[in-house]
Amino acid sequence: MVVTGILLLGSVTWLATRVLVVKNDLEAAQSLVAKVQTDAGSFDAASLTQTGSELGMHSTNAVAGTKDLTWRLAEFVPVIGENLKGVRAAAESIDEIIQEVALPSIELVNMMTAVSSTDDGIDLLTPLASAESILNSADGALKHSKTRLASINTAMTVGPVSEAVVKLTGLVSTASDTVSEIAPMVSSSSAVLGQDAPRNYLLAFQNNAESTALGGSAASYTLINVDKGKISISAQAGGSNDLKDGTPVDVEVDQSALDLYSDYLIRFPNTSTSRPDFPTAASIMQSFWARDKGTVVDGVISIDPLALAQILKATGPIPLNSGDLLSSDNAVSLLVNEIYFRYGSYDDYPIVDAFFQNAASSILTRITGGDFDIKTMLTSITDGINQGSIMVWSANPAEQSLLDGTRIQGVLPKTNDDATVIGTFFRDVSASKIDFYLQTSAETTTNVCEAPENPTFTTSVTLHSNLTQDQADDLPDYISPQNFGSDYFATEVFVYGPVGATLASSEIPMQGERTSIDPGANDLGRPVAKFTAYLKPGETSVVTATFTGAPGAYGQLEARGTPMVNMTSHTLVPGSCG
């Protein structure tokens, strides 16, 4: 009897010790997960490798602690057994995810940090293949974990164990959803990069100094060929001179878009970006290139100087044939303003086109050669996407659908459920590059928090010319207004209300030189108020549109608009309903 008691006491003591060890290892692993995220975000390869090694050790030790005979026998003991099963399930799930997903992902981050470049340029296909393999493993590991955790009866476990199982189940479920969303995109990326067959993409350069809804005049194009990951430039062209202006392309466009923006939308490649819907612009650009250059492109990528300035932080300054050193500090001013003072006459357009084409090819060569800081590059691209300065469209419907709901797609949301988006967009109609001197702001007020069943939304937009009269007198041809008198400029304003709303009123609190209320429309499922503001140097115009929302759910109020040289200041009142 005494011997049995001693054995029982020893087993309980041993088990308690094992539980404490497992608990300590799981807590250590949990704290290291946060450090892994920090190291990965900073691309600190040395620290990431060390942290990953420690993480794997702790998760392995935690699982090992649950595998001895005493632990397994104790799982059959009423009450305590279910708690031990819960701890073991948590330990096994965490270890499987770490071994099958986290550690391979760390290797992938290290691979990306040491970006490999070959004679054919940067190697993108190898990390993509690794990412696809990791996602496949992650899918299996997460499914195993969900099944394992679901087998635990949390009604029979003590509070800390129940909380741990419930929390881990939620994290696994969220991670599983994320993997399901990402996997198809990664899987298709190899095809996008020409793994199966060569691809042609049109890179469109928008000039924010001549604003359109999506950014600016699409005046310069580069045709990129991608074959088995190798990227090369096939051709370049100027939108105004190498493509046929004035003759509409045969492309399907909503009548509402033509009503708002006229057939200029499909007659001139420069103004193809007038509508705040990148798929519309991209299909028009694709049609222009196919008709006038004879190549049907597989997709269109758009970028503007605001995004290029950010990207140049990652690449460092780049020398151009002109003798300029293009950098993050001078990219915007040089590309949208200074170049036109240097070559100010329309007779100089071949030089200007060549300058833009050389800038595009030089930046692309630096990037495809892998000569950049990966952390800064990812941050720069993310910022460019979020401000609407980088957009992508695929001619392949299946690939295009993978972009649904992302900012890079360049579309307005089709519902108000996740976000109630108010859009404020501009289009220069002076045929000038005057928006280098234009300052804009917008304020939206709403009672949606108090009256969600019948809300109103009022947006006031202010346009102010920072141009002085002395500056105006010295403007070169490219910047001087071509469509109107030489002493004022014209900018169209388009205010897009919430999905399903109606336009209640349009007003002009401040005229400037002259401001008109133009016919609006319902476009992209939204009511649109349209104005045209005519400004002399130093003048200000204010326009206001009020919308009545339809009954329904309204997500967080959000403002979007044209990425301007001088970024539009958006104010939301109230900022939230919280």
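Analyst: Helix H10 (residues 305–315) and helix H13 (residues 374–386) have axes that come within 8 Å and cross at roughly 175°. Axes here are lines fitted to C-alpha atoms, for helices over the stretch in contact, and angles run from 0 to 180 degrees between N-to-C directions. Helices are DSSP runs of H or I with at least four residues, and strands are E runs of at least two, numbered from the N terminus. The crossing makes H10 roughly antiparallel to H13; that label applies to angles over 145 degrees.

From H10, the contact (heavy atoms within 4.5 Å) is made by Ala307, Gln310, Ile311, Lys313, Ala314 and Thr315. H13 brings Thr376, Met377, Ser380, Asp383 and Gly384. These residues divide into 4 nonpolar, 5 polar and 2 charged. Ala, Val, Leu, Ile, Met, Phe, Trp, Tyr, Cys and Pro count as nonpolar, Asp, Glu, Lys and Arg as charged, and the others, Gly among them, as polar.

This is a predicted model: local features need pLDDT of at least 70, side-chain atom pairs count only at pLDDT 80 or more, and totals for chains, interfaces and linings use all residues. Residues are numbered from 1 along each chain as its sequence is written, and side-chain values use heavy atoms, with hydrogens and water left out.

The pLDDT is the predictor's confidence in each residue, from 0 to 100. The protein chain averages 85, and 85% of the residues score at least 70. Over residues 1–15 the pLDDT is below 50. In all, the chain has 15 helices and 19 strands.

Methods. Angles under 35 degrees count as roughly parallel, over 145 as roughly antiparallel, 65 to 115 as roughly perpendicular and the rest as oblique.
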